[in-house]
Amino acid sequence: MSPAPQAGTGRPPRIAVLGNPNTGKTTLFNRLCGARARTANFPGSTVEGRIGTHRSPDGRAELELVDLPGTYSLALDTPESQVCRECLAGEFGGIAPDAMLVVVDSTNLRRNLGFAAQVLLHRLPAVVALNMWDVARTRPGCVDPAELSRRLGCPVVPVSGRSGDGVAALDVALDTVTGLPFGSDALVARLQKLPPAGAAPSLLAEWADAVVRSSTPGGIRTDEPADRLLDRVDIALTHPFLGIVAFAASMAALFAAIFLVAQVPMDLIDLVFGTAAEAVHAALPQGILGDLLAEGVVAGIGGVLVFLPQICLLFFLLTLLEDCGYLARAAFAVDRVMRRFGLSGLSFIPLLSSHACALPGIMSTRLIRDERDRLATILVAPFMSCSARMPVYVLLIGILSVGRPAWFAGVAFAGCYALGAAAGLASAFVARRTLLRGPVRPMVMELPPYRWPSLRTAALVTWDRASVFVRNAGTMILAISVVMWWLSAFPRTDGDARAQQASSFAGQLGDLAQPAFAPLGFDSQLTVGVMTSFLAREVFVSTMAVLAGSGAGADAGDATVLEQVGSMARADGTPVFDVPTTAAALVFFVLAMQCLPTLAVTRRETGGWKWPAIQFGWMTLVAYAAALAAHALATAWTGGSG
Amino acid sequence: MEDDDLVCLCFRVSQRKLVNYMARERPRVASQLSECLGAGTGCQWCVPFLRRLHAQWERGERPDLPVSPEEYARRRTRYRATGTREPIAGPAGEEYDRPSPAVNDHAPKPVRIPLTQLARGQRAVVDCSELTGLPEGERCLLHAMGLHDQCQVRVCSAGSTCIVQIESTRLGISSEVARRILVTPIEGTDGAP
């Protein structure tokens, strides 16, 4: 029988998909809904769920599936558990689910059934999917689905989300069950078979054990055989030394891949959008519209898409690592180190990926279970020297190392990275003792079995992350780019680029802010450069190039950007980039929050403006103070002569 | 046992229900008692006791189990964790009723040690009755992950990260938590070299 659309609403029946973590729930969900699912943030939390539409093969029936986050119990004080409770109570979008699909791992039935019992107590039609049946059926002591179904009082369907076996039967069961009238005899009978609501965990476990024993015809195994090889692998991967070495090696490979592979599409995107901007300029008559389209919109879209290759690659590889079971072990290996700074082992990956770009880094903090750990990690991730700082480092260190030994530049580069990482860890340390005070939760984590990662799952996760980024952060970044263009293009002047820079709103802001940066030795030109780069720090180099280029006259054409900028002069004729100023600017760029896209992503991931504001305020403060100190030190070092 | 005490704890079947059932249905063999609310079809612990009740009834005695419900439940928990039955003292001549001097209420309590003190490969039974050193949230999570009272664990790694296996689940537990989990080692499962 086919489920009728819910009377009066015309919407397809909604089915909540629940299960323990690591039961292959999402794989099964993907199998049922494919890439048509959309990601949705549950109200009032940062937990994400996915909503997909499932059509039975004959196309008759349509179901709306809600993939709820995996949780070990419905009674836990975690965001995942809370979201599941709220969804079952009908507090998600004001629509109560019409049925439940409980996904259990049939290789680990007893624990999974304890959770299933909690779920089945809700007065909703339900189907239990015995996932990973392809593995379970080959093992001795395999449960009989028909008997289990009798014991649980609801349909039990053996399936394999990986191979797709049994999905057709699941289809039929879901179809049938959503057509059941509410409060039918079958539902009442089911409730009587279950342990009472709020039962103690040991009672639940006993009940689950009894059910499994009574529905396993061949008798169950009381103990799992010891797998010594697996023990050894686990010991090595969580070892304080070996584990860190293995982790460092895998991360080095991961980020080498990201840096090397992502560079090609990133350059390509730059090229395409650069060409497109020129083409737009050429095609449209001189004027505001052409400028807006070319420098605001086209460049803005390019500025969004340029982040995509890194985000996609990071999430693809990270999902593979997580899926194969390695990430959980690695988290234990680094946990000991990260704990000293008040972060958890899982914070390491977001912080490391922030060295490529803080955006995917912050997005990947979803791996971290503890909310305080996660916020602390988001807060300090932008301190890591991302690749956008690279051109600025090249420019400023280039200026600094003129007339110095060759090793100086190398040391300065390493110093910048070390300074960023140290500031980040120190900030995390401070944050965990002030804003995010609370015990560092010791790690307790399931170590999922090792298995071949699913490329399909990884591709779907990547697609998900990429589309969330483009939709949410992307629109924000685009808007910022247009505002940014407007600030630097208005009010219009007839003069050259330099005059335009100086008299634009951005230039005026620079003049306004100049007194604040005077203690760092910044003149108004440098202040304009810093101000414009508050939105995106890589702008600094181009701004300085424009300022330097138009100031140097016609013969500057052959000089490199570095020489041009290095020879810039203040109003009184002394060089802008004397040693203390350059050092101060460099330190400022290492530490300052000069990336609006990051703030946009932080807002999205933390669900409000509070954390981006704290992030911005704290980082600017630290950067300013450190730059001041650097200026003073460098002045003392060079005897004040520059 | 009192009449209202449970014989089959899995399906919550009391001694009274079984006695009434036998009076009403007059089962010819003990296994027919499973028709009484599924008694004995769960963990199987009560099967010998059902046989005993049936035998008592056949002999015309008033069926009653000579054991306190607390002791009965405790032994069942042990049985479910270890899979072995400790005999229960009672009149001779019946299954599992052989008097055993080793088993009585004054038996020494099993030694409990922190999980971190087990050797690799050793098996143990978890005692969650005193997980007091842990915050509530942590305790609930551990329970829900499968580390509930009287479950059997095998130690896969005894290093600074404790890895235990409960059935087919592997849990990584940092030592701060692991040293607060008390377990009773199971004899004869000493660690691997």
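**Figure 1. Where chain B meets chain A.** Put together, chain B and chain A bury about 3800 Å² between them, and 52% of that area sits on carbon and sulfur atoms. Keep in mind that this is a predicted model. Chain B brings 42 residues to the contact, and chain A brings 42 residues too.

**Figure 2. A salt bridge from B:Arg170 to A:Asp234.** Zooming in on charged side chains, we find B:Arg170 and A:Asp234 paired up, with N to O at 2.8 Å. Across the interface of chain B and chain A there are five salt bridges.

**Figure 3. Helix H16 of chain A against helix H27 of chain A.** Here we look at H16(A), residues 371-380, and H27(A), residues 610-637. Their axes come within 9 Å and cross at roughly 45°, which makes H16(A) oblique to H27(A). The crossing is right-handed. On the H16(A) side you'll spot A:Leu375, A:Ile378 and A:Leu379, which touch A:Trp611, A:Ile614 and A:Gln615 of H27(A). Sorted by class, that contact has five nonpolar residues, one polar and no charged ones.

**Figure 4. Helix H26 of chain A packing on H27(A).** H26(A) covers residues 596-606, and its axis lies 7 Å from that of H27(A), at an angle of about 140°. H26(A) and H27(A) are therefore oblique to each other, and H26(A) passes H27(A) in a right-handed crossing. A:Leu599, A:Thr602, A:Arg603 and A:Thr606 from H26(A) meet A:Trp611, A:Pro612, A:Gln615 and A:Phe616 from H27(A). This contact counts four nonpolar residues, three polar and one charged.

How values were computed:
Residues are numbered from 1 along each chain as its sequence is written. Chains are lettered from A and ligands numbered from 1 in the order in which they are written. This is a predicted model: local features need pLDDT of at least 70, side-chain atom pairs count only at pLDDT 80 or more; totals for chains, interfaces and linings use all residues. Side-chain values use heavy atoms; hydrogens and water are left out. Axes are lines fitted to C-alpha atoms, for helices over the stretch in contact, and angles run from 0 to 180 degrees between N-to-C directions. Helices (H or I, at least four residues) and strands (E, at least two) are DSSP runs, numbered from the N terminus. Angles under 35 degrees count as roughly parallel, over 145 as roughly antiparallel, 65 to 115 as roughly perpendicular and the rest as oblique. A crossing is left-handed if the near helix is turned anticlockwise from the far one by less than a right angle, and right-handed if clockwise. Contact means heavy atoms within 4.5 Å. Ala, Val, Leu, Ile, Met, Phe, Trp, Tyr, Cys and Pro count as nonpolar, Asp, Glu, Lys and Arg as charged, and the others, Gly among them, as polar. Buried area is the accessible area (1.4 Å probe) that two parts lose on being put together, summed over both. A salt bridge is a side-chain nitrogen of Lys or Arg within 4 Å of a carboxyl oxygen of Asp or Glu.
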